[in-house]
Amino acid sequence: MPPATLPPGYALIALDEAGSTNDEAKARAEAGAPEGTVVWARQQRAGRGRRGRSWVSPPGNLYFSAVLRPVCEARNVAQLSFVAALAVLDLVDGPLPGRARGKWPNDVLMDGGKVAGVLLESALGPGGRVDWVVLGIGVNLASHPGLEGPIPSTSLVDAGAPTLAPEDALPSVLAALDRRRREWETQGFAAVRSAWLARVHGLGGPVTVTNGERRLTGVFEGLDEEGALVLARPGTAPLSISAGDVIFGDRADAEAGNAARG
Ligand code: BTN
């Protein structure tokens with residue numbers, strides 16, 4: 001049963017099953033689908049996470065990808081993943097107020113377990129402007145792949161929330177995405193950044209950021225203007241890191257190589 005109504009400006013493509021809703025949305029964006037096209041699937045056969053990881057996608061959770069055509073420069077496009085993470089935090093705050101936290105760059109944690117993730121993909125048009133953005137969002141509403149590994153996954157139900165059906169979660173998260181996007185467009189990234197920093201896990205504490213073989217340890221000081229993580233290290237200027245995985249505190253060795261889970 002498709003959701004009754006989406007907020008104005010969105011057009012729904014509802015699928016019983018998809019490989020990846022991001023792939024479906026990208027194909028439609030390339031073919032000219034307008035801003036606000038939303039591909040939603042009950043389940044995915046080949047859900048994808050960041051860095052080529054898989055996103056386990058059985059029925060009962062939320063999987064969708066929205067085509068956006070923001071007027072913005074390429075270097076600012078990653079800011080939209082923080083807009084999306086805030087929208088997911090807003091969604092999750094409904095049943096479980098104040099419990100969820102962000103994790104750089106765009107995960108959402110509940111009681112320390114990963115409950116949602118955002119996968120942003122984009123393409124440039126003439127003059128280096130952004131042509132399209134596909135914002136893929138997965139939220140573990142009812143189930144999650146398991147608790148193995150040092151960064152466990154969780155679901156809203158496991159965290160104690162009443163069951164939230166995907167068809168009810170979808171309009172709520174899209175309405176939140178609209179609100180957060182308007183803040184970004186009218187007040188700029190500074191407003192988004194401070195809202196996100198107010199709800200992020202581990203700010204001011206020790207972290208290790210891994211990227212392949214590269215590992216950098218320091219204090220998580222904040223975000224720069226483009227959404228890169230600012231890492232403070234003794235005796236050197238703060239470093240902006242634009243890609244990687246964050247490991248909190250002294251868990252770096254235990255968590256090295258940990259894969260993202262749905
Ligand atoms: C991550 O945490 O690494 C990002 C996970 C993003 C998963 C969503 S589910 C809907 C959309 N389709 C995909 O294949 N991936 C995203």
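How do the residues of the shell around the ligand divide into nonpolar, polar and charged? The shell comprises 6 nonpolar, 10 polar and 4 charged residues, where Ala, Val, Leu, Ile, Met, Phe, Trp, Tyr, Cys and Pro count as nonpolar, Asp, Glu, Lys and Arg as charged, and the others, Gly among them, as polar. This is a predicted model, in which local features need pLDDT of at least 70 and side-chain atom pairs count only at pLDDT 80 or more, while totals for chains, interfaces and linings use all residues. Residues are numbered from 1 along each chain as its sequence is written, and side-chain values use heavy atoms, with hydrogens and water left out.

- Of the 20 residues around the ligand (a heavy atom within 4 Å), S20, Q44, R48, R50 and K114 come nearest.
- An oxygen atom of the ligand lies 2.5 Å from a side-chain N or O atom of K114.
- The protein covers 99% of the 410 Å² of accessible area that the ligand has on its own (Shrake-Rupley method, 1.4 Å probe).
- β6 (113-124) is among the elements that each supply at least two shell residues, and β6 gives the most, with 4 residues.

**Chain as a whole**

- The chain has 5 helices and 12 strands, which are DSSP runs (helices H or I, at least four residues; strands E, at least two) numbered from the N terminus.
- Of the 262 residues, 52% count as buried, meaning under 20% relative accessible area with a 1.4 Å probe and protein chains only.
- The C-alpha atoms fill a box of roughly 55 × 45 × 30 Å along the principal axes.

Terms used
Polar contact = N/O pair within 3.5 Å; in protein donor to acceptor, adjacent residues only side chain to side chain. Buried < 20%, exposed > 50% of the residue type's maximum accessible area, 1.4 Å probe, protein only.
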